[in-house]
Amino acid sequence: MADKKADFKKPVPKGDRKANRRGAARLAAVQALYQMDVGGAGINDVFAEFESFWLGSEIEGDQYLPAEEAFFRDIVSGVVRDQNKLDPLIDDALSRGWPLQRIEAILRAVMRAGAYELEHRKDIPGRVVVSEYVDVAHAFVEGDETGMVNAVLDQIARQFRAEEFSRAGH
């Protein structure tokens with residue numbers, strides 16, 4: 001996991017805008033979900049670790065961006081609660097022959113978090129959610145894999161936010 005956390009390090013921006021805090025929360029949520037998926041960590045352990053040691057802390061001389069803690073908790077707990085519903089949605093959106101379990105664990109975490117937010121966080125525009133999680137994916141992988149994240153989340157967004165996407169003329 002250490003190599004996956006390397007891209008989480010960012011200088012604290014001046015003004016500490018809410019959007020930046022939410023972006024940091026998304027990145028932290030994906031890392032927490034990854035840790036739970038790969039390492040078998042429990043949700044309470046993950047919350048304790050991230051809230052005590054990562055969110056807005058300085059580690060080895062690098063300042064981690066402060067995250068909106070409630071938003072971080074909402075994403076992680078929502079994915080854990082709804083994973084049995086989210087995974088089949090993601091499976092359906094993936095290309096044939098590529099079930100979710102064959103996708104790299106970090107990308108599973110990105111798609112689960114994005115799908116959760118698209119379904120439950122109607123206060124955030126769908127296109128913003130998709131774009132934010134494509135950016136999160138870029139922190140961990142390159143090239144075609146981020147395109148897959150975009151395609152999957154776009155398809156899921158059209159299911160949960162049909163009126164929002166039809167209004168925009170797409």
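Trainee: How many helices and how many strands does the chain have?

Mentor: In this predicted model, the chain has eight helices and two strands, and read along the sequence they follow the pattern α-α-α-β-β-α-α-α-α-α.

Trainee: Why are α5 and α6 called roughly antiparallel?

Mentor: Helix α5, residues 105–120, and helix α6, residues 126–138, pack at an angle of about 165 degrees, with their axes 10 Å apart. Angles over 145 degrees count as roughly antiparallel, and α5 and α6 are therefore described in that way. Their crossing is right-handed.

Trainee: Which residues make the contact of α5 with α6?

Mentor: On the α5 side the contact is made by Leu 107, Val 110, Ala 113, Gly 114, Glu 117 and Leu 118, and on the α6 side by Gly 126, Val 129, Val 130, Tyr 133, Val 136 and Ala 137. Sorted by class, these are nine nonpolar, two polar and one charged residues.

Trainee: What makes α5 roughly parallel to α7, or is the pair antiparallel?

Mentor: Here the angle is about 25 degrees, and the axes are again described by a distance, which is 10 Å. Angles under 35 degrees count as roughly parallel, so α5 is roughly parallel to α7. The crossing in which α5 passes α7 is right-handed.

Trainee: Which residues of α5 and α7 are in this contact?

Mentor: Helix α5 contributes Leu 107, Val 110, Met 111, Gly 114, Ala 115, Leu 118 and Glu 119, while α7 contributes Glu 145, Met 148, Val 149, Val 152, Leu 153, Ile 156, Ala 157 and Phe 160. By class, the contact of α5 with α7 has 12 nonpolar, one polar and two charged residues.

Trainee: At what angle do α4 and α7 pack, and how far apart are their axes?

Mentor: Helices α4 and α7 pack at an angle of about 115 degrees, with their axes 9 Å apart, and their crossing is right-handed. The contact is made by Leu 89, Ile 90, Asp 92 and Ala 93 of α4 together with Val 152, Gln 155, Ile 156, Gln 159 and Phe 160 of α7. These residues divide into six nonpolar, two polar and one charged.

Trainee: How do you know that Val 152 is buried?

Mentor: Val 152, whose place is in helix α7, has a relative accessible area of 2%. Buried means under 20% relative accessible area, so Val 152 is buried. Leaving aside its neighbours within four places in sequence, Val 152 is in contact with Ile 90, Ala 93, Leu 94 and Met 111. The C-alpha atoms of Val 152 and Met 111 are separated by 7.6 Å, although the two residues are 41 residues apart along the chain.

Trainee: Why does Val 130 count as buried?

Mentor: Val 130 lies in helix α6, and its relative accessibility is 7%. The cut-off for buried is under 20%, and Val 130 therefore counts as buried. Neighbours within four places in sequence aside, Val 130 is in contact with Leu 118, Asn 150, Leu 153, Asp 154 and Ala 157. Val 130 and Ala 115, which are 15 residues apart in sequence, have their C-alpha atoms 8.9 Å apart in space.

Trainee: What makes Thr 146 buried rather than exposed?

Mentor: Thr 146, in helix α7, has a relative accessible area of 6%. Exposed would need over 50%, whereas buried means under 20%, so Thr 146 is buried. Not counting residues up to four places away in sequence, Thr 146 touches Val 134, Ala 137, His 138 and Val 141.

Trainee: How much of the whole chain counts as buried?

Mentor: Of the 170 residues of the chain, 48% count as buried.

Trainee: Which residues touch the most other members of the largest nonpolar core?

Mentor: Of the 52 residues in this core, they are Val 30, Phe 72 and Tyr 133. Helices α2 (18–39), α3 (43–54), α4 (69–93), α5, α6 and α7 (144–160) each supply at least two residues of the core. Leaving out residues up to four places away in sequence, Val 30 touches Ile 106, Ala 109, Val 110, Ala 113, Tyr 133, Val 136 and Phe 140.

Trainee: What share of the contacts with a separation of 6 or more joins residues 24 or more positions apart?

Mentor: Such residues account for 71% of those contacts in the chain.

Technical notes: Residues are numbered from 1 along each chain as its sequence is written. This is a predicted model: local features need pLDDT of at least 70, side-chain atom pairs count only at pLDDT 80 or more; totals for chains, interfaces and linings use all residues. Side-chain values use heavy atoms; hydrogens and water are left out. Axes are lines fitted to C-alpha atoms, for helices over the stretch in contact, and angles run from 0 to 180 degrees between N-to-C directions. Helices (H or I, at least four residues) and strands (E, at least two) are DSSP runs, numbered from the N terminus. Angles under 35 degrees count as roughly parallel, over 145 as roughly antiparallel, 65 to 115 as roughly perpendicular and the rest as oblique. A crossing is left-handed if the near helix is turned anticlockwise from the far one by less than a right angle, and right-handed if clockwise. Contact means heavy atoms within 4.5 Å. Ala, Val, Leu, Ile, Met, Phe, Trp, Tyr, Cys and Pro count as nonpolar, Asp, Glu, Lys and Arg as charged, and the others, Gly among them, as polar. A nonpolar core is a set of buried Ala, Val, Leu, Ile, Met, Phe, Trp, Tyr and Cys residues joined through side-chain atoms within 4.5 Å. Buried means under 20% relative accessible area, exposed over 50%, partly exposed in between (1.4 Å probe, protein chains only).
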